[in-house]
Amino acid sequence: MGNEFVPLSLPPLLIGCLAALACALPGNFLLLRRQALIGDAISHVVLPGIVVGFLVTGTSSTWPMMLGAAAAAVVAVALIQLVHRVGRIEPGAAMGVVFTTLFAAGVLLLEQSDTSNVHLDVEHALYGNLESLIWLDATGWSSLLDPAALVWLPPELTRMAVVLVLVMLFIGLLWRPLAISTFDEGFARTLGIRVGPLGLALVIVSAIAAVAAFDAVGSIIVIAMFICPPAAARMMTDRLLVQVGWSALFAVASAIIGYVLAGYGPLWLGYSDSVSAAGMIATVSGLILAVAAMFGPVRKGRAA
Amino acid sequence: MNDLSQTAPLKVRGLTVSYGATPAVFSADITVQPGAMTAIIGPNGAGKSTLLKAVLGIIPRLSGQVEVYGESFDSQRARVAYVPQRASVDWDFPTRVIDVVQMGLYRQLGLLGRVRGQHRALAQECLSRVGMSDFAARQIGQLSGGQQQRVFLARALAQGADLYLLDEPFAGVDAATEKAIIEVLKSLKAEGKTILAVHHDLSTVPDYFDHVFIINKTPVAEGTVQEAFTQDALQRAYGGRLASGLLDQLFPVANPAPPASFGAGPA
């Protein structure tokens with residue numbers, strides 16, 4: 001069992017869990033700040049960034065693409081602010097306009113450029129290549145202790161782990177100012193909390209999580225994980241700390257259940273092929289949200 | 001030198017704030033007296049809340065200096081507590097009453113300081129001062145408007161400040177809450193603390209406050225209630241927007257006939 005599971009299923013499962021966590025944790029704060037669409041926006045604008053990064057450098061190696069993605073995220077955040085301020089359009093609509101436009105531009109760029117020989121296409125951008133993140137050097141559970149094999153772990157796994165640690169450090173260290181400024185921005189300012197830079201830092205950390213997760217698992221999971229686990233967690237509790245805990249649990253549960261269902265579900269139903277893990281993970285997270293919305297202990301409507 | 005009795009808790013000079021092209025507050029000067037309860041009054045849209053927020057740096061000011069106890073506000077933050085308007089936050093936020101009160105301890109706790117027994121006891125004591133100790137574990141969305149206002153006041157008490165700035169603390173609260181809040185404010189005053197509150201109910205000004213600052217975009221009058229809370233100053237600030245009965249009620253003996261009202265001449 002381990003002989004097959006460790007090289008083929010363990011890395012994608014782990015990467016899926018890490019990506020889900022890295023997006024869901026900051027998602028709690030974005031959701032409460034009514035900025036949940038930021039994750040959606042970033043994961044879309046990453047596409048033109050990656051294409052431009054590829055066109056400029058001519059390589060499909062990771063760093064130029066990550067830099068391009070990060071630059072595109074920064075441009076998008078600036079554009080959203082610009083459309084919001086100058087155009088006097090509400091923030092949600094401003095995000096919608098900016099990310100669809102940039103994503104569309106990314107699709108055009110992709111079609112026109114010669115990227116057919118590299119692994120870069122719209123399909124990949126949407127639902128990633130989770131199933132292909134395998135660890136061929138592993139022979140079984142013992143490989144987890146074998147340095148020679150560990151070197152060949154998919155680089156996405158290490159990258160995602162580093163990003164998750166960054167996200168957790170950010171939220172852990174700045175928990176109090178984040179919570180206070182999310183609840184009562186004016187009061188936070190009078191305490192001397194730098195509300196502006198803190199909000200920007202939250203968006204940047206979310207962008208880093210989105211870019212890293214996008215690279216590993218595609219934008220569908222990113223969008224779903226920023227919103228579904230935190231929104232479902234809100235239905236479970238009236239305490240912020242507990243909500244963040246539930247969101248982490250829901251994120252991991254979505255990743256594991258979704259991955260297993262995608263791989264084996266169709267077989268159980270008599271079909272021969274497995275389905276996209278990313279699509280299934282996102283679907284499961286949506287189902288968890290639906291169940292929490294129906295049966296969660298604090299699912300009350302917005303009481304007047 | 002006794003700092004509290006000598007230096008003005010709050011001194012504002014030439015404060016101008018603008019939303020877009022039109023100034024919301026123009027060239028306001030205030031000197032808040034130590035140990036006093038001062039009301040900021042003026043008609044709707046006169047810039048009362050704007051003034052308070054600009055003083056606290058919540059909204060940017062175009063010009064003007066703010067001194068708190070003779071120093072920059074930034075260096076004196078620990079001595080200033082703020083009670084925002086109740087409607088300024090989302091009460092559906094996932095947090096309990098006691099957590100909100102503990103936000104007032106942020107400057108004491110810092111980023112990672114542990115919440116110890118003494119902090120919990122202090123927060124609980126602040127809640128009981130506003131008559132809310134039974135509600136510590138409630139989610140804030142389950143409270144009535146008046147109870148929410150009291151929680152905000154408890155949070156300000158937890159800050160342990162010398163100067164309390166309140167934005168419409170009596171707006172939309174029940175009579176019991178109004179009484180509870182004014183009692184807490186008066187006890188703060190008795191401890192030598194200074195209170196500055198945006199207030200909209202003219203009829204309670206003489207009962208609740210000892211100083212007033214009257215503003216209608218530009219300052220109109222400033223001083224003790226006796227000096228500054230006059231019919232003339234109110235007419236200048238409010239123009240025709242004052243209910244005619246209110247002035248009669250406020251100034252029954254000194255001025256039997258408001259000059260602007262008809263049919264009040266000698267019979």
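Helices, of at least four residues, and strands, of at least two, are DSSP runs that are numbered from the N terminus. With that convention, the architecture of this predicted model can be read in order. From the N terminus on, the elements of chain A run α-α-α-α-α-α-α-α-α-α-α-α-α-α.

The overall form of the chain comes next. The radius of gyration of chain A is 20 Å, close to the 19 Å that the globule rule gives for 304 residues, so chain A is as compact as a globular protein of that length. Along the principal axes, the C-alpha atoms of chain A fill a box of roughly 60 × 50 × 40 Å. Of the 304 residues in chain A, 51% are buried. Among contacts in chain A with a separation of 6 or more, 72% are accounted for by residues 24 or more positions apart.

One pair of helices may now be examined in detail. Two packed helices are described by the angle between their axes and the distance between the axes. In chain A, the axes of helix α3 (residues 37–57) and helix α12 (residues 219–234) come within 8 Å and cross at roughly 165 degrees. Because angles over 145 degrees count as roughly antiparallel, α3(A) is roughly antiparallel to α12(A). The crossing of these two helices is right-handed.

The residues that form this contact can also be named. Helix α3(A) contributes Gly39(A), Asp40(A), Ser43(A) and His44(A), while α12(A) contributes Ser219(A), Val222(A), Ile223(A) and Phe226(A). Three of the residues in the contact of α3(A) with α12(A) are nonpolar, four are polar and one is charged.

Notes:
Residues numbered from 1 in each chain as written. Chains lettered and ligands numbered in written order. Predicted model: local features only at pLDDT ≥ 70, side-chain atom pairs only at ≥ 80, totals over all residues. Heavy atoms only, no water. Axes fitted to C-alpha atoms, helices over the stretch in contact; angles between N-to-C directions. Parallel < 35°, antiparallel > 145°, perpendicular 65-115°, else oblique. Left-handed = near helix turned anticlockwise from the far one by under 90°. Contact = heavy atoms within 4.5 Å. Nonpolar A, V, L, I, M, F, W, Y, C, P; charged D, E, K, R; others polar. Rg over C-alpha atoms; globule rule 2.2 N^0.38 Å. Buried < 20%, exposed > 50% of the residue type's maximum accessible area, 1.4 Å probe, protein only.
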